[in-house]
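Open the structure in your viewer and keep the selection tool at hand. The stops below go from a whole chain to a contact between chains and then to a single residue.

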Amino acid sequence: MQKLLTLLQVNDSMFPIGSFTHSYGLESYVDARIVHDNSSAAEYARTMLEHSIYYNDAAFLYKTLTLPPGKKGWDKLVELDTLVTALKASYEIRDASKKLAIRFLKLTTELKSYPTCKKYAAAIQQEELHGHYAIAFGLHVKAAGISLEDALSAFYYNTLNGIITNCAKTVPISQTAGQKILYDLQPVIAKLVRQQPGMDEQQLGLCCIGQEIKCMQHEKLRTRIYIS
Amino acid sequence: MINRDNSLTSRVDISCKREGPKTLLVNSYFDIPYKVVHYGSKLLQDHLEVMMMCYSPGVMDGDTLQISVHCPEKSEMKLFTQSFNKLHPMKKGASQTMHVKVDDHALMQYLPQPTIPFKNSIFDMDNLIEVAESGHLVWGDIISGGRIHSGERFEFSKLHNRTKVYRGGKLIFFDNQLMEPRKQPLERMLFFEGHTHQGTLLIVSDYANAFKEELDEVLTEQFTDMSYGFTQCGKNALLIRALGESGDAMHEWLSNIGDMCWSFIRHHMAEAEAVAPEAPISRKKPAAKKPAAKKAPAQKKATAAKKRPAPKAVIKT
C-alpha cells in the first residue's frame, strides 16, 4: 500500500516539479495547426507514446530500473546520463529534462532520502553529470521498492496525462474528449510496457525528425505559454 | 573486392596533412567502384577539396563500404560526393560505416549528396566521428523518401542511420534515425509530416555558439515548402534540421550554410592564431587592436554570406 501511495504521489502531474510548464513541442504543433482537433490530438498522443517515448524517456527509465547495484551500476548510470544528453538534441528538451530532474530529486530527498539519488543530485550540482528526469525518477522509485512494471506503466500514464492536459489547454479539446483519449490508449500503454524489456538496443533513442524540428522551432515561437 | 554473389566489399581511406598554408592529400585508397579525386584544381585554394565518386549505378544488395577519413592537426578538408547515393532494391541489405577523425585545430566539412532509397532497399549507416577538443566539424546528411517523381514514395524496406560524435573523447551528439515505412507512420505527424526529404547539418566547433547567434538574426522566417529548426544541441555544437520536397534545394541550402560556417570558423581560427603568440608579450594595446582591425572584413563576410542562403532556398524550393 505504502509503495502504491508513494508512486501515486511522485508520479502525479501536480507533483510540484514544474512538469506542467513543458509541452515538448506540442505548442509548435498547435501553433502550426497540425494538432487542431480531437482526432489530431489523439494521433499526436498515440504516435508520441509508440514512436518517441517508447524509444526515449521510457527506455531510459527502464535502463535505470535495471541498473546493476554498486559501482558497476553507478558507472553505467554515468554512461546513460551522457548518452541521454547526446540524444536530446533540442536545447529546450534537454534543459527541461535537467530542470525536472533537479527539482524531483530535491523534493523527493525531503520526503525520503536514498543514497543513489543524493549521489546523482550531487553529481548534477557539481556539473559532472547533466541530469535527466527519467533517470532521477527511476532511481527514486527503484529505491522505494516499486516494481518495474508499475513504475513503467505509471510513467507512460503520466506522460500521456501531461500531453492530454496540454491538449485540453492549447488545442483546445474538451476535458471529456481528453479523458477518452487517455482511456482509449490504456491498451497501448500495456503493450509498450510488455514490450519494453525486449526493445532492440540499436533502437535506443530513436529520433522523430518532425517532432524534433517542432521542438527547435519552439525556441522561436512569437507567443508561447510553455517553456518547451 | 567483388564477392561470389557479385556484391562489393569496398574501402575508402582519405587522409591529408598541412604544409605551410596548404593542406595536401596524403593517402587516398579506394576500391571498386569508388574513386577519390581532387575537386577541381588543387591550386585554387589553400584547403583541400576532394570528391568521392562512385562509378557503379549505386548500392546493390550485400554491398558494404567502409570509409575512413583523417584530418590531422591544423589541416582543412572539404569532402564531397559526386552523385546521389542510390540504394537499389535488396533482399539482405547493404551497409556503410564511416570513421572520421578530426584532430586539434583541424577543420573538416562533409555534406554528401542525398541518399535515395529505392523500393525494397535496406541500408544501414554507422558514422563514428571523433573531434579533438579544439577540432572543428561541419557535417550533414540528406535522406529522401524514395524516387518520388517516379511514383516511389516511402516504399523502401528499412534505413537505419546512426551518427555518434565524440569531442575530446566525450560523446556529445548521437543521432539515431530508423525509417521503416511499413512499421512507422513516416508520412504523418512527428515524422516527415507530408514532406519527402529530411536534412541535417551539425556544426561542432568552439565558434558554433557565435555562429548560432548569426543564424538567430538571419533565419527568422520559415520557407513556404521547407520546415526547419536549429538549436544548440550541446556545448559548442549547433544542429540544423529541415524537412522539404527537394533533395537538390536542401543540399544547396545546407551547403550554403555549411560554407558560411566554414568561412566563419576559418576567420576566427586565423584571428585566434594571430592573437595567441602576441598575448604573453604585450597584453595591453596591440592585443586589443589586432582583433578590432580584423573585425571589419569579418562582418562584411558574414553579412555577405548571410544574404545568400535564404533567397536561394526560397527560389529553389
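A residue is called buried if 20 or more other C-beta atoms lie within 10 Å of its own, exposed if 12 or fewer, and partly exposed in between, with C-beta atoms placed from the backbone. This is a predicted model, in which local features need pLDDT of at least 70 and side-chain atom pairs count only at pLDDT 80 or more, while totals for chains, interfaces and linings use all residues. Residues are numbered from 1 along each chain as its sequence is written, and chains are lettered from A and ligands numbered from 1 in the order in which they are written.

Select chain B. Of its 317 residues, 40% are buried. Colour chain B by secondary structure to find four helices and 17 strands; helices (H or I, at least four residues) and strands (E, at least two) are DSSP runs, numbered from the N terminus. Two residues are in contact if their C-beta atoms, placed from the backbone, lie within 7 Å. Among contacts in chain B between residues at least 6 apart in sequence, 74% join residues at least 24 apart.

Next, show both chains. Their contact takes 27 residues from chain A and 27 residues from chain B. On the chain B side, the elements giving two or more residues are strand 14 (170-179), strand 16 (227-234) and strand 17 (237-244). Strand 14 of chain B gives the most, nine residues.

Now select Pro16(A), in the loop between helix 1 (2-10) and helix 2 (26-31) of chain A. Is Pro16(A) buried or exposed? Pro16(A) is exposed, because 10 other C-beta atoms lie within 10 Å.
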